[in-house]
Amino acid sequence: MSPSTSVPTDHTGEVNGCENDSSLIEFILMGLTDKPELQLPLFFLLLLNYVVTVMGNLSLINLICLNSHLHTPIYFFLFNLSFIDLCHSFFITPKMLMSYISERNISFAECMTQLFFYCFLVNSEHYVLTAMAYDRYVAICKPLLYTVTMSSKVCSLLMFGSYMMGFAGSMVHTGCMIRLIFCDSNILIHYMCDLLPLLQLSCSSTYDLVVSIIVGTVVIASSLIIFLSYALILFNVLHMSSSKGWSKAFSTCGSHIISIGLFYGFGMLTHVKPSSTGSVDQGKLFSLFCTNVVPMLNPLIYSLRNRDVKLAVKIKTEQKEKRCLTPCLHCYVVFSSSSTFSYSSFSSRHLSF
């Protein structure tokens, strides 16, 4: 399963030292590791991760849709976050799983498509988490104006803007990457088509500056808004006299803070440029946490300590039990009455005989 090193060639079959990406037919994904003894355990771990991620996010999306008391701004944002995490698993994990049971080749078109959706989802998640931080700020610092400030129209515009900015950033990244000139090798030292691994194969260094500017702008802008929101929340909480206010504020923001810490923490570690082979392996591990582990944990983070979600689960469970119990009771009554009738007719026949 270990790929052999190959170089892009032109239509004459001659090796080009530096050839445009139009002649590059495919890439070879090295995956997480090339150690044969780890291939099977990693496959089953990733498969388990994929199932848990899909089931967890689908369950949370379904719960929010079907429970009217969860139709509030924060759960609207959480719905979109779960949708993004679900898409993460659809666009990243299946190709990883296929690389363990078949060839690791990925065509240039597939690679650029995966890169586009990866950048789109990551950028969108940045903005969704930022909108959630602003929502928490309004809920705690301006509770009387919450329903006006976070109206359905405002929430819809925030999400529309998040997806549009994510789309614009992804278009810029993918458009520039298509125009890159690749040289020497088509082997990606990664498990997916990400920006840094692709840039390492490029002969041109002009796009490095573009990546730094775009990524830096997105991260700094969203981080600044999140930091200011929580700084104002902390300032407001410190001026609360009762401990009940403290605990309420923490329960309101705790899940979001954990989610932000995981997403931004592993994201920053992922995009630190590697200086050695060990750093490359660490970068792939941190990237795996971003693309696979964080989307799996988010439904748990927002559900385990959330009273509204627990209440919704309890209501749905009781409704299902009632729906299941009603047909069973009906069948029991019908069966009992039919059994009595059969028994009486059977007895009368035998008595008369």
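Which residues line the largest cavity?

## The cavity

This is a predicted model. The largest cavity is lined by Leu29, Met30, Gly31, Leu32, Met96, Ser99, Tyr100, Arg104 and Tyr191. Its volume is about 50 Å³. The structure holds one cavity of 30 Å³ or more.

Helix 2 (residues 73–101) gives the most to this lining, with three residues. Sorted by class, the lining has six nonpolar, two polar and one charged residues.

## A pair of phenylalanines

Now to the aromatic rings. A search of the whole structure finds 13 aromatic pairs. Take Phe76 and Phe77: their ring centres are 5.9 Å apart and their planes meet at 55°, so this pair is tilted.

Phe76 has 30% relative accessibility, so Phe76 counts as partly exposed. Phe77 has 0%, so Phe77 counts as buried. The cut-off for buried is under 20%.

## A pair of tyrosines

Tyr134 and Tyr137 also form a tilted aromatic pair. The distance is 6.1 Å centre to centre, with 40° between the planes. Both sit in helix 3 (residues 108–141). They are three residues apart there, so about one helical turn separates them.

How accessible are they? Tyr134 is at 33% relative accessibility and counts as partly exposed. Tyr137 is at 15% and counts as buried.

## An aromatic cluster

Phe91, Phe116, Phe117, Phe120, Tyr163 and Phe167 form one aromatic cluster.

Methods:
Residues numbered from 1 in each chain as written. Predicted model: local features only at pLDDT ≥ 70, side-chain atom pairs only at ≥ 80, totals over all residues. Heavy atoms only, no water. Phe/Tyr/Trp six-rings, centres within 6.5 Å; stacked < 30°, edge-to-face > 60°. Buried < 20%, exposed > 50% of the residue type's maximum accessible area, 1.4 Å probe, protein only. Helix = DSSP H or I, 4+ residues; strand = E, 2+ residues; numbered from the N terminus. 1 Å grid on protein atoms, 1.4 Å probe; cavity = no way out; pocket = protein on both sides within 12 Å on 5 of 7 lines; lining within 4 Å. Points joined across faces, edges and corners; volume = space filled by probe spheres on them. Nonpolar A, V, L, I, M, F, W, Y, C, P; charged D, E, K, R; others polar.
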